[in-house]
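Please examine the structure shown below. The report that follows treats selected residues, the interface and the charged pairs in turn.

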Amino acid sequence: MKSFLIKCMFGAMALGVLLIGNTVKAEDWETTGLTDKAIKVGVMGPFTGNASSYSKTQIGLMAYFKHINDQGGIHGRKFEMFPEDTACAPAKGIAAAKKLVHQDKVFYLHGNSCSAVAMAVKPTVSPTGIPWIIAHAVNPKITMPVNEKKSIYHGVPAGPAYGSTMGEFVMSKPGAKRIAMITHTNDWAKAYCDPAIKVIKATGGEIVLEQALERGQTDATAQVLKLKGAKPDFILGCLYEAETVIFLRDAKKYGLRIPVMGTAGTDLENTLERLGDKDAVKDYYVLHAFVDKVDGPKMKKWNDIILKYNPDETITGFSAVSMASGVAAVKALQNVGPDLTRSKFIAELDKIKGLSTGILACDITWSATDRHGCKKSAVAGFVDGNPTVLSSWGKPW
Amino acid sequence: MDIFLQLTLSGLSQGAIFALIALSLTVVYRATTIVNFGHGDFVMAGAFFVYVLVIYVELPYVFAAISAVLIMLGMGLGVSRGFIDPIKAGPHIGFAMMSISLGYVLRGGARFLWGREVFPMPRVFDIEPFFIGNLVVTGDVLFISAIVAVFLLIFFFIFYRTTTGVIIQAVYQSERGATLIGVNVRAFHQSMWGVGLAMGALAGILIAPISLLHPDLGATFLIRGFAAMTLGGFGSLGGAVVGGLLLGVAEQLFGFYINSSLQDITAYLIIVAVLVIRPAGLFGRTVTVRV
């Protein structure tokens, strides 16, 4: 009997230790990366390598966090940033994520350009339940379906949102019904064109001709002559920037003067610069993430923040993209109050509804079941010879 | 009919570039029996040299183009002397590995310096398109066709009508025989690498204003160069030119009359078809070995 009691006592003690240990572990997890004075944020991005121009988004995001720090931080805590290079390479991205999670022990992750890297990193980050805000990559599968720990958020338009905007814009042109396409045949192009086609068909349009123009092709004569013969009202162009330029150049050459709707893989100013011919680009419309031109008055505030902390930085179409989700994260952190935990942060992120950041052309709305925060984009095109941000055909944003 | 003529004209212009690349590959192949798998990247390098000289050094375009061709000529000599000569005693596959590696080093270097950016290449002449009936003739078509035609005339004149050409033909036919009559075959190989790379550079310089400039520019042209070589017949100089022109036109006609998705694989289809139906190509010689 005595030995039974002793066994029970030891058993109870062991159970107690285990329970206390787990509680401590859970508490640890909730507040890892937090001190009274700091919130540690892991910022992954392609700071080197052939996609390093995307890292401007992370530079913009960190400038915004520095700006918040200079205003006193959030409930006495300041952002402590841990930039980690992925070089837009999945293997390097995984190593970066492991370092941030296990070595630097950050409170949450924010950033990520390059969908392939985010998809490769997801199996490493997702099981940890650490909050992770995708601030640039567009692959919708990074965040939907919602991951098992409900911890990943998309703070920029994902592929379907962009594609739908393309379709809506095309169909907003009065009388637009016969739509033709010129597209690469890869997943990237499909991510834009498929949702666009869905919208076009749902709103009474028809696809009258599909033409392929593959990467690296240097002449679009055959495609342009085919398109000209089909007499469409609008052309969807799901092409990378080099092929967009080749197509627009040949379109002008052979007198194909039909509006063309392009993806977020190109932008108006760069396309014009590469073509060097305003006349060839005057019928080109392109997805545009922001509420204003990159150097427009509505973007000045954000560009100034970037330049304040990075005086030598050149502002491009990438610079302010991630700042919008930074605004959302700051709002959620403020709403949590001083007793910050990861669970409370996630709960507050899910409460963000219709947040107009003043940066992106979409409001951010997250919920426990929908993590695609941005559902639309603006469109940029030349109106009376001037680059203009549009919400629909002929209607300025 | 107008459409057919337009496609043919555009195809000939593209084909002229393919012809130049195929010819430059053939020059090296005929002289050394080495297929330069990195040639596309040397084409790209030539274009980038012009870009650097025009944008950063601010040389006039024509001087920059001539300088770039000369730089690539020197690079060809250097590649032959520094990287090909030392492995001559090794297996033939070593040449292929070396040329692929050198190509990737160049591509990697360009990516390191310029990222994946796509640059607009300055244009030499901005000639307005004009019409012949309904046929649109652009400045690019005229310029490329004229430059390539003049170059080919000079090249074939030297090859068939000068003493230098006779020496080249002698080495092509028998290196041992050429050595016996006092030709420095090693120096000849080096010069042919130089000429091959310089010609490739010229192709890059001509196409970059149209295709835009980026580090991966050459990859597309390499396979087209191979297809043109195959169609014309491996080792045939004239065949490389005819093969390039036919490939350019075939791409356009396939793209329009069959399916635009096929345009990009026309080169591969031609390689497969020629190797199955007529392995020697249009102008290649069938080698008979008596055993």
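His67(A) is in contact with Ile305(A) and Tyr309(A), when its neighbours within four places in sequence are left aside; contact here means heavy atoms within 4.5 Å. His67(A) belongs to helix α2 of chain A, residues 56-70. Helices (H or I, at least four residues) and strands (E, at least two) are DSSP runs, numbered from the N terminus. His67(A) counts as buried because its relative accessible area is 19%; buried means under 20% relative accessible area, exposed over 50%, and partly exposed in between (1.4 Å probe, protein chains only).

This is a predicted model, in which local features need pLDDT of at least 70 and side-chain atom pairs count only at pLDDT 80 or more, while totals for chains, interfaces and linings use all residues. Residues are numbered from 1 along each chain as its sequence is written, chains are lettered from A and ligands numbered from 1 in the order in which they are written, and side-chain values use heavy atoms, with hydrogens and water left out.

**A residue of helix α8 in chain B**

Val195(B) is found in helix α8 of chain B. Its relative accessible area is 26%, so Val195(B) is partly exposed. Not counting residues up to four places away in sequence, Val195(B) touches Val27(B) and Leu73(B). Between the C-alpha atoms of Val195(B) and Ala240(B) the separation is 16 Å, and these two residues are 45 places apart along the chain.

**The interface between the chains**

How many residues of chain B are in contact with chain A? There are 27 residues of chain B in contact with 24 residues of chain A. The area buried between the two chains is about 2,300 Å², and carbon and sulfur atoms give 56% of it. Buried area is the accessible area (1.4 Å probe) that two parts lose on being put together, summed over both. Leu212(B), Phe256(B) and Ser260(B) supply 20% of the area that chain B buries against chain A, more than any other three residues.

Between chain B and chain A, 10 residue pairs are in polar contact, both residues being at pLDDT 80 or more. A polar contact is a pair of N or O atoms within 3.5 Å; within protein, one must be able to donate a hydrogen and the other to accept it, and residues adjacent in sequence count only if both atoms are side-chain atoms. The number of salt bridges between chain B and chain A is 0. A salt bridge is a side-chain nitrogen of Lys or Arg within 4 Å of a carboxyl oxygen of Asp or Glu.

On the side of chain B that touches chain A, two or more residues each come from α1, α8 (185-211), α9 (217-232), α10 and α11 (260-263) of chain B. The most, 5 residues, come from α1(B).

**A nonpolar patch on chain B**

Met1(B), Ile3(B), Phe4(B), Leu5(B), Tyr257(B) and Ile258(B) form a nonpolar surface patch with about 610 Å² of accessible area together. Patches are made of residues with over 30% relative accessible area and no salt bridge: like charges are joined within 9 Å, nonpolar side chains (Val, Leu, Ile, Met, Phe, Trp, Tyr) within 5 Å. Accessible areas come from the Shrake-Rupley method with a 1.4 Å probe; for residues, only the protein chains shown count as cover. Helices α1 (2-32) and α10 (237-258) of chain B each supply at least two residues of the patch, and α1(B) gives the largest share, 3 residues. Met1(B) lies in the segment before α1 of chain B. Met1(B) counts as exposed because its relative accessibility is 71%.

**Salt bridges**

Side chains of opposite charge can pair when their charged atoms come close. Over all chains, the count comes to 25 salt bridges. Three of them are listed here.

| Salt bridge | Closest N to O distance |
|---|---|
| Arg257(A) and Asp279(A) | 3.5 Å |

Asp85(B) is buried because its relative accessible area is 15%. Asp85(B) lies in the loop between α3 (61-84) and α4 (93-114) of chain B, and Arg186(B) in helix α8 of chain B, 101 residues apart. Arg186(B) is partly exposed, with a relative accessible area of 46%, and Lys88(B) is partly exposed at 37% relative accessibility.

In chain A, Lys252(A), Arg257(A), Asp277(A), Asp279(A), Lys282(A) and Asp283(A) are linked in a network of salt bridges. Arg257(A) is partly exposed at 35% relative accessibility, and Asp279(A) is partly exposed with a relative accessible area of 30%.
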